[in-house]
Amino acid sequence: MKQQSDFGIDYPIKRDTAPQNFLKLFYPFHYSVGMAVEKQLSGSNLTRHQTVILWIIHSKGQDGHTIHRKTIERLIGEWYELGSPAISKVLRAMADKKLNLISIKESKTSAREKVIRLTKNGQSTVDNMMERTEAFIKLISDELTDAEIEKGMEFMSRVGAIVEGGIAE
């Protein structure tokens with residue numbers, strides 16, 4: 001039986017030592033794994049903020065293409081301390097002809113509210129982000145057994161649901 005992992009996890013795994021063991025994995029998973037995945041998503045030509053905004057549109061937007069600016073502001077605020085003026089600056093750069101990733105239009109219901117929509121180039125960029133990152137994650141999953149993948153996905157899904165359900169509040 002294992003006595004200790006590469007990250008200092010104490011075996012056997014027990015409920016009462018789970019919080020300490022979980023924290024031992026926080027840095028390698030959140031920073032090392034998270035940053036490696038984020039680097040793949042960003043590729044060589046997107047900033048971190050542009051990448052996050054494209055991810056938000058893709059994952060939270062209507063049909064993965066359209067989202068209200070206020071929703072972007074709320075969600076990006078959960079990841080970065082980024083105020084409204086800074087978000088506007090990033091969005092304007094993304095809408096600029098040079099990048100042409102998004103369009104910014106007035107909402108039909110309120111002239112003050114803006115609707116952000118992926119352009120064809122923006123959708124192509126998101127498709128490339130996903131393809132590149134899925135290939136990277138495949139390199140990782142190729143090193144795991146089917147059981148490890150299944151248990152890991154179940155664990156991450158459950159923890160995500162608990163945290164997003166409000167326990168972190």
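Author: Happy to. One thing to keep in mind is that this is a predicted model. Let's begin at N100, which counts as partly exposed because its relative accessibility is 34%.

Reader: Where does N100 sit?

Author: N100 is in the loop between α4 and β2. Its phi is near 50 degrees, a positive value in a residue other than glycine. Most residues other than glycine have a negative phi.

Reader: Which other residue has a positive phi although it is not a glycine?

Author: D63 is one, with a phi of about 55 degrees. D63 belongs to the loop between α2 and β1 (66-68).

Reader: Is D63 buried or exposed?

Author: D63 is exposed, because its relative accessible area is 67% and the cut-off for exposed is over 50%.

Reader: While we're on backbone geometry, which residues does a cis peptide bond join?

Author: Y11 and P12, with omega at about -5 degrees. P12 is in the segment before α1. Most peptide bonds are trans.

Reader: Let me zoom out. How many helices and strands does the protein have?

Author: There are six helices and three strands. Starting at the N terminus, their order is α-α-β-α-α-β-β-α-α. The C-alpha atoms fill a box of roughly 60 × 35 × 25 Å along the principal axes.

Reader: And how much of the protein counts as buried?

Author: Of its 169 residues, 27% count as buried. The accessible surface comes to about 12,200 Å², and carbon and sulfur atoms account for 56% of that.

Reader: Back to α4, then. Which residues of α4 are buried?

Author: I87, S88, V90, L91 and M94 are buried in α4. They lie on the same side of the helix, because they cover an arc of only 165 degrees around the axis.

Reader: Why would residues a few places apart point the same way?

Author: An α-helix has 3.6 residues a turn, so residues three or four places apart point the same way.

Reader: Nice. What is exposed on the other side of α4?

Author: P85, K89 and R92 are exposed there.

Reader: And what covers the buried residues of α4?

Author: The cover includes the helices α2 (48-60) and α3 (69-79), along with the strands β2 (102-106) and β3 (114-118).

Reader: How does the span of α4 agree with what 12 residues should give?

Author: Helix α4 covers residues 84-95, and at 1.5 Å a residue those 12 residues should span 16 Å. The end C-alpha atoms of α4 are 16 Å apart, which agrees.

Reader: You mentioned α2. Which residues are buried in α2?

Author: In α2, the buried residues are Q50, T51, V52, I53, L54, I56 and I57. Its 13 residues should span 18 Å, and the end C-alpha atoms are 18 Å apart, which agrees.

Reader: Changing topic: how many salt bridges does a search of the whole structure find?

Author: Six. One of them pairs the side chains of E38 and R48, at 2.4 Å from N to O. E38 lies in helix α1 and R48 in helix α2, so this pair ties together parts that are 10 residues apart in sequence.

Reader: Is E38 buried or exposed?

Author: E38 is buried, with a relative accessible area of 16%. R48 is partly exposed, at 39%.

Reader: What about E113, which residue does it form a salt bridge with?

Author: E113 forms a salt bridge with K70, and their closest N and O atoms are 3.9 Å apart. E113 lies in the loop between β2 and β3 and K70 in helix α3, so the pair ties together parts that are 43 residues apart in sequence. E113 counts as buried at 10% relative accessibility, whereas K70 counts as exposed at 58%.

Reader: One last thing: which residues make the nonpolar surface patch?

Author: F22, F29, V33, M153, F155 and M156 make a patch of about 580 Å². The elements that give two or more residues to that nonpolar patch are α1 (18-42) and α6 (146-167). F155 is in helix α6, and at 47% relative accessibility F155 counts as partly exposed.

Definitions and conventions. Residues numbered from 1 in each chain as written. Predicted model: local features only at pLDDT ≥ 70, side-chain atom pairs only at ≥ 80, totals over all residues. Heavy atoms only, no water. Patch = residues over 30% accessible without salt bridge, like charges linked within 9 Å, V, L, I, M, F, W, Y side chains within 5 Å. Areas by Shrake-Rupley, 256 points an atom, 1.4 Å probe, with all protein chains shown as cover. Salt bridge = Lys/Arg side-chain N within 4 Å of Asp/Glu carboxyl O. Helix = DSSP H or I, 4+ residues; strand = E, 2+ residues; numbered from the N terminus. Buried < 20%, exposed > 50% of the residue type's maximum accessible area, 1.4 Å probe, protein only. Expected span 1.5 Å × (residues − 1). Arc of directions from axis to C-beta. Contact = heavy atoms within 4.5 Å.
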